[in-house]
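I am opening this notebook to keep track of what I look up, entry by entry. I begin with the terms and then go on to the places where they apply.

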Amino acid sequence: MGSEKALEEQFQACIDADSRIEPRDWMPEGYRKTLIRQIAQHAHSEIIGMQPEGNWITRAPTLRRKCILVAKVQDEAGHGLYLYSAAETLGADRDDLLDMLHTGRQKYSTIFNYPTTCWADVAAIGWLVDGAAIMNQVPLTRCSYGPYARAMTRVCKEESFHQRQGYESMTALANGTPRQREMAQRALDRWWWPALMMFGPSDSESPNSAQSMAWGIKRFSNDELRQRFVDATVPQAHHIGLEVPDPALRHDGEHWISGEIDWAEFYAVMRGDGPCNRERIATRVQAHDEGAWVRTAAAAYAAKQTARKAAAA
Amino acid sequence: MTSSLGVDLDASRYVLRLADDALILGQRLSEWAVSSPALEEDVALLNIALDLLGQARHLLTHASELEGRGRDEDSLAFLRDEPEFSCALLVQVDNGDFGKTIARQLLVSAFHVHLWRALARSTDEVLAAIAAKAVKESDYHLDHARHWTLRLGDGTNESHARIQSGLDAVWPYVHELFERDDLVERLLERGIAADPEALLPLWRQTVTEVLSEATLDVPDVSWRPTGGRSGQHLTGFGYLLAEMQHLHRSHPGATW
Amino acid sequence: MSAQFPLWEVFVRSKRGLAHNHVGSLRAPDAELALRNARDVYTRRQEGVSIWVVPAASIVASSPDEKDSFFDPAGDKPYRHPTFYDVPEGLTHI
């Protein structure tokens, strides 16, 4: 085995050549830890994200919408599973990661700390939140770490369906009764800024961005991705007759330029002061705790079966 | 696929019973979203819910065609009042804990695998086509229920007690699935319906095999509640409907 | 809960004529549930799909064309996962 310096050079050369790092490769401890945290928080976001929409499954306004929502929430659970698996290839343990989520040591996307108080919120989440998530996730399909990149490829395929359904639902509302139109506009008013904040603060405020870029974990800056999202989404809003809640929004000939983001709200919500922070975690913890007897029973049965087979052999 | 039956009120009522069973059970299972013991179970239970809701949509559409009153899947699901629903009591029962949900799923799926096989030979060819697809789905549902019945029944003392308790709670509602009333009699003569009395021994064999392997006792109950087929539902059903129907009813005539 | 379910690797053949591909991993207490979960999570129950689930601990790995110096010392396991390695009873600080 070569010296650590030689290994580090080989590792960096692999990344610079746009090749992939796989689980058994040598990697700097910082790379491993950064990835575990990022992948785990991505997984946590998927499973916490099941809640704001999951709340509307039993109340969906048509059977078709109910089925679409069930499929979407099911997909999100599946995405969480792909991502926890990817994190485990780095030596993390799913139970430990869940414990860190439950005790607040690891975070999830702040967007899911907002309540869904009406059906249009469900449509807005599909359109805006999944839209923003896709902007983040497509570059990650080329992330340097193989298992994460591959998980992202799977996730992106499924998520584009979610975003289309969200926009379709929003379109139906915008073209519907006056009350539905108003519901749609109010939802856009509520979710627009939180969606922009999903991309995170400007990279000048993000201390880890530079290292993540050097390691091939991050491909584009937060601001670049946010700009892409705004450019794609503003025309979509206008197409269905909705107004983006940004009085300063203007087109400069090439791009849609947003007004200033109120980062105070972002940091408050991240700290735990958002409307639903405690509720989201409490729901998660309750499901986990109430299900413990089931998981224990499954393990006990497996052990019994193994013992029976051994005895019969 | 258009039915050769035309407007047929008896057939419509029968298909509506099947539809309501699928719809309400789908609704109950979807309550488990985000609350299951593990992410894998969120996926599995929602999978089953999605199958049932899909079956419900096909059956409701077929029932509305047979009825010939211009209603559709959504007007049937969201605009009927409680007494107009004809779902069995078993599917309305609250989910309870995972043990009770699995116990109920075992009993219902064991019924469905035999029911859909029989209905795949129905002289109502639309119903037969729906049944043929539903056979595969219920086989999968039964498989899931069986896996978990074994693990809970033969897992720990706590899991055994919980699923036995769940089984005891839902067992009294089973007999209603096998009732043969005048409507069923008429449709049996026409080859449209499945014979519940023929299904009973098949169901019993499927269920007792699983319970025996899971070291669970077959409950011994004399109480036989009924009434779902004639719109006399459990107290909780009204609340389920209120939750399910509220948004749709709040916006009459709207499309979503 | 300390009873961690073992890790399984999942291989899927999406249609006849193709080979099985590694699609990811999952945790399950036994083979039957592993297969079931794999079907639910990795194939969404598409028909005609073949699934293999293999206990990750059963996999023996090696990559002959990688330079030796680039290997992690425990080079014959697929992951650096801690539960991969049998720790003799009585050892506390591994």
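Predicted model: local features only at pLDDT ≥ 70, side-chain atom pairs only at ≥ 80, totals over all residues.

Residues are numbered from 1 along each chain as its sequence is written, chains are lettered from A and ligands numbered from 1 in the order in which they are written, and side-chain values use heavy atoms, with hydrogens and water left out.

**Entry: cysteines**

I looked for disulfides, each being a pair of cysteine sulfur atoms within 2.5 Å, and the count over all chains is 0. Cys156(A) is in no disulfide, and the nearest cysteine sulfur, that of Cys143(A), is 12 Å away. I also looked up its cover: Cys156(A) is buried, at a relative accessible area of 13%.

I took a salt bridge to be a side-chain nitrogen of Lys or Arg within 4 Å of a carboxyl oxygen of Asp or Glu, and the structure holds 42 of them over all chains.

One of them joins the side chains of Glu29(A) and Lys33(A) at 3.6 Å, N to O. Both residues lie in helix H2 (residues 29–54) of chain A, 4 residues apart, about one turn of the helix; helices here are DSSP runs of H or I with at least four residues, strands are runs of E with at least two, and both are numbered from the N terminus. Glu29(A) is partly exposed at 40% relative accessible area, whereas Lys33(A) is exposed at 53%.

I then turned to Arg64(A) and Glu168(A), whose side chains meet in a salt bridge at 3.3 Å, N to O. This pair links distant parts of the chain, with Arg64(A) in helix H3 (residues 63–88) and Glu168(A) in helix H6 (residues 146–174) of chain A, 104 residues apart. Arg64(A) is partly exposed at 36%, and Glu168(A) is partly exposed at 32%.

Lys72(A) and Glu76(A) form another salt bridge, at 3.3 Å, N to O, and both of these residues are buried. Salt bridges that share partners join Glu53(A), Lys72(A), Glu76(A) and Asp130(A) into one network.

**Entry: where chain B meets chain A**

How many residues does each chain bring to the contact, counting heavy atoms within 4.5 Å? The contact takes 45 from chain B and 45 from chain A. Together they bury about 4,000 Å², 69% of it on carbon and sulfur atoms, where buried area is the accessible area (1.4 Å probe) that two parts lose on being put together, summed over both. Val34(B), Leu39(B) and Trp256(B) supply 20% of the area that chain B buries against chain A, more than any other three residues.

I found 3 salt bridges across this interface, and the side chains of Arg94(A) and Glu40(B) meet in a salt bridge at 2.5 Å, N to O.

**Entry: chain C**

Chain C has 1 helix and 3 strands, in the pattern β-β-α-β along the sequence. Of its 94 residues, 41% count as buried.

Notes. Buried < 20%, exposed > 50% of the residue type's maximum accessible area, 1.4 Å probe, protein only. Contact = heavy atoms within 4.5 Å.
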